[in-house]
Amino acid sequence: MTDRVPTDPRRIDVHQHVIPPVRARAITGRAAAVGWPAPSWDEHSAIAMMDRRSIATGVLSYAAPLAGPDDPAAAREAARSVNEYTAELVKNRPDRFGHFAALPLPDVDGALAETAHALDELGADGVMVLSNAHGRYLGDPAFEPLWAELDARSAVVLVHPTAPPGAPVPEVPAPLADFPYDTTRTALHMTMQGVPRRYPRMKVILPHAGGFLPYAAHRFALAARLTDGEERGTPQDFLADLRRFYFDTAISTGATTLPSLLAFAEPDHILYGSDFPMLPEDWGTDFDTALDDSPHWDSGRLHAVNRGNAELLIPRLANGSRHS
């Protein structure tokens, strides 16, 4: 028996973005810099998009650097501003929005302070970090105090891609290749440094099907053979650590991508994502159709991807996302 259409089409979108009005100019400039269409966002247009696409709840995140590398004070201020703006949206419409709070890495003290404020005071559903923090990848030992705190809280962490260090390839927009590359790079770095194994209660979501991770996972498992110690175990142990990650489906439901994700990921670790408005709605609906029309669904699994797995990951959404 197959599940070709959603049994409950009201999706939970774990990869949806917010653009506070005071950040709109910065986001437009960033989009132009990476060769991508400039997105626009407001609460009402987001809800209208969600209604058209059968999305009950969108978990919002601000997926861009908060400030320059030499201005941690500005990054802290920007994170607080973005998070308080988003928390107010969720307060007003808890049925339609959730919130992954932005953290001002590589400032670990600032990130710890913002984690406490966001989770304890603002009621955020988790936190969001970029795949590299001004060139520092997430397996960096300096970030250990943050992972320890998030693990103690059993927190959900969205790792959103950003441009890797170095010059881009001319005529190749960074979101096409560099962003999934950077997701892959930081996930592999975290795993080689043992982060998922040391902090198993922390639930880390990799957008866009984890970049290239599912496709190349067995190649990456060779990392276990590149050390004289036993901390990485066998290649099978390394693969098990890679499978600790969660993955979303944003821009990743093509006929050659989705089967790779389904073959690799744990069944309850795949989540629906739209990447709106960074991915224009008319582009995103094509990926929605590919998701729903895929011939690879076992009974009930499409429903799990559309909302069931997110309800397990963020339990408040099981009731809070219901709307008439």
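This is a predicted model: local features need pLDDT of at least 70, side-chain atom pairs count only at pLDDT 80 or more; totals for chains, interfaces and linings use all residues.
Four helices, α1 (24–33), α6, α8 (207–210) and α9 (213–220), each supply at least two residues of the lining of the largest pocket. Among the contributing elements, α6 provides the largest share of the lining, 4 residues. The volume of this largest pocket is about 650 Å³. Its lining comprises 29 residues, and those closest to the centre are Pro 175, Leu 176, Pro 180, His 208 and Ile 251. By class, the lining of the largest pocket consists of 18 nonpolar, 9 polar and 2 charged residues.

The second largest pocket holds about 330 Å³ of space. Here 25 residues form the lining, with Leu 66, Leu 105, Pro 106, Ala 133 and His 134 closest to the centre. Two or more residues of this lining come from each of α3 (72–92), β4 and β5 (132–133). The largest share, 3 residues, belongs to β4. In the lining of the second largest pocket, 18 residues are nonpolar, 5 are polar and 2 are charged.

Is Asp 125 buried or exposed? Its relative accessible area is 13%, and a residue counts as buried under 20%, so Asp 125 is buried. The side chain of Asp 125 is joined to that of Arg 316 by a polar contact of 2.8 Å. Leaving aside residues up to four places away in sequence, Asp 125 touches Gly 98, His 99, Phe 100, Val 156, Ile 314 and Arg 316.

Attention may now turn to helix α5, which spans residues 144–152. Its buried residues are Glu 144, Leu 146, Trp 147, Leu 150 and Asp 151. The elements against which the buried residues of α5 pack are α4, β4, β7 (156–160), α6 (174–192) and α7 (195–198). Just after α5, the chain reaches Ser 154, which takes a positive phi of about 50 degrees.

Technical notes. Residues are numbered from 1 along each chain as its sequence is written. Side-chain values use heavy atoms; hydrogens and water are left out. Buried means under 20% relative accessible area, exposed over 50%, partly exposed in between (1.4 Å probe, protein chains only). A polar contact is a pair of N or O atoms within 3.5 Å; within protein, one must be able to donate a hydrogen and the other to accept it, and residues adjacent in sequence count only if both atoms are side-chain atoms. Contact means heavy atoms within 4.5 Å. On a 1 Å grid over the protein atoms alone, a cavity is a set of points where a 1.4 Å probe fits but cannot get out, and a pocket is an open set with protein on both sides within 12 Å along at least five of seven lines; lining residues have an atom within 4 Å of a point. Grid points are joined across faces, edges and corners, and a volume is the space filled by probe spheres set on the points. Ala, Val, Leu, Ile, Met, Phe, Trp, Tyr, Cys and Pro count as nonpolar, Asp, Glu, Lys and Arg as charged, and the others, Gly among them, as polar.
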